[in-house]
Every structure is written in structure tokens, then in C-alpha cells.
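Hi,

Here is the structure I promised to pass on. Have a look at it first, and then read on for what turned up.

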Amino acid sequence: MPKVTIGITTYGPIPRAQRLVKTILDTIDPDISYDIAIADDSSGGKFDNKDRRDFCKNHGIALLESPTITGIPASWNRLVAYARQQESDIVVILSDGVRFLVSGWLSRMVYFLDNNEKIGTVGTPTVGGPTFDPTDSRWDGHPDRVGCAVGCSFAFRTEVHSLIKNVD
């Protein structure tokens, strides 16, 4: 089973990342080897980050703080660098506003990446507001090709990422 780093981007004092982590812990597959890291630009915005630091310490989460506001692409790069240090095979990038409602999401991403060699990224379907009904047949669709995965929730193999020339 591949090792996975789940990376979360966040900014500001609102505990959105903490809420996301709770849904991850509620829906994660017990047989997946994973760790969680949060790339946080809050201290660059002069926000008090004590609650997030305490939360991460209590849950064994790596908190990657930046002294300046670096933005989303730089936060993604910090998370990938962390995943490489951890020797992770797969990186999952999530925005702090994402919530997981159904168990098995991570094992499905891992399976897809393990069984599709020529794939760059895989994403999860996103829904907004109170309209989500898990019994609705539209959520039972088969995976299909799209131009790219949604930027708030996607995963890729670390080795594939290494092939990309990144000027940042």
C-alpha cells in the first residue's frame, strides 16, 4: 500500500482546516498509511495561530507555517516538498473549505492512481450547500476523463510531479 501525504492549505483564524481534518479522520480508511500536513500562511497575515498549533500538536499533524503570505501555489509546493521528505508515494492537496461526507474517498483515489499509469491527477466530486443527497444516482457515476482535477481537491503520484518543470 502506498504512503500518502494529505496536504491542506489554509489562511486566517477561522478553524476551517481543523474542521476538514475532523471529516478526514471520520472517513479515512484504516488500512491507508497516511500523514497530514497543513500549509498555513496565517502568521504572515499577523493572525494568532495558537489554536491551530495546539490542534496540530494534539493530532500529530505537521504545521508548515510561513512568515509571509505566499499564496496557494507556493503552499502547494511546500506541501509537495514535505511529502517528498516523508517519502510519500501519493500527495493529496485539499483546500480548507473541503469536507468529506463518505468513507472510502482516499482508498478510491489511491486505487485509481495505482491502476492508471498515464494519469496526472485525480480529483473528487464536489458539491455545494445543503443539496447533497448521497442516494442521488448522479453520484454513482463512473470515473471519466476531464481536462484537470478541481483545484480544491486533487491527488497525484509524487514521481509524476517530479517530471514537471516547475519554475517556482
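Aromatic pairs first: this predicted model holds 4 of them. In one, the ring centres of Tyr-11 and Phe-47 are 5.3 Å apart and the planes stand at 85°, so this pair is edge-to-face. Distant parts of the chain are linked by the pair, since Tyr-11 sits in the loop between β1 and α1 and Phe-47 in the loop between β2 and α2, 36 residues apart.

Together with Ile-69, Tyr-11 and Phe-47 make a nonpolar surface patch of about 280 Å².

Elsewhere, ring pairs join Trp-76, Phe-154 and Phe-156 into a cluster.

Which of its residues are buried? They are Ala-17, Gln-18, Leu-20, Val-21, Thr-23, Ile-24 and Thr-27. An α-helix has 3.6 residues a turn, so residues three or four places apart point the same way. The cover over the buried residues of α1 includes the strands β1 (3-10), β2 (33-40) and β4 (90-95), along with the helices α2 (50-59) and α4 (105-114).

Best wishes

Definitions and conventions:
Residues are numbered from 1 along each chain as its sequence is written. This is a predicted model: local features need pLDDT of at least 70, side-chain atom pairs count only at pLDDT 80 or more; totals for chains, interfaces and linings use all residues. Side-chain values use heavy atoms; hydrogens and water are left out. Buried means under 20% relative accessible area, exposed over 50%, partly exposed in between (1.4 Å probe, protein chains only). Helices (H or I, at least four residues) and strands (E, at least two) are DSSP runs, numbered from the N terminus. Contact means heavy atoms within 4.5 Å. Rings of Phe, Tyr and Trp (its six-membered ring) pair if their centres lie within 6.5 Å; planes under 30 degrees apart count as stacked, over 60 as edge-to-face and the rest as tilted. Patches are made of residues with over 30% relative accessible area and no salt bridge: like charges are joined within 9 Å, nonpolar side chains (Val, Leu, Ile, Met, Phe, Trp, Tyr) within 5 Å. Accessible areas come from the Shrake-Rupley method with a 1.4 Å probe; for residues, only the protein chains shown count as cover. A salt bridge is a side-chain nitrogen of Lys or Arg within 4 Å of a carboxyl oxygen of Asp or Glu.
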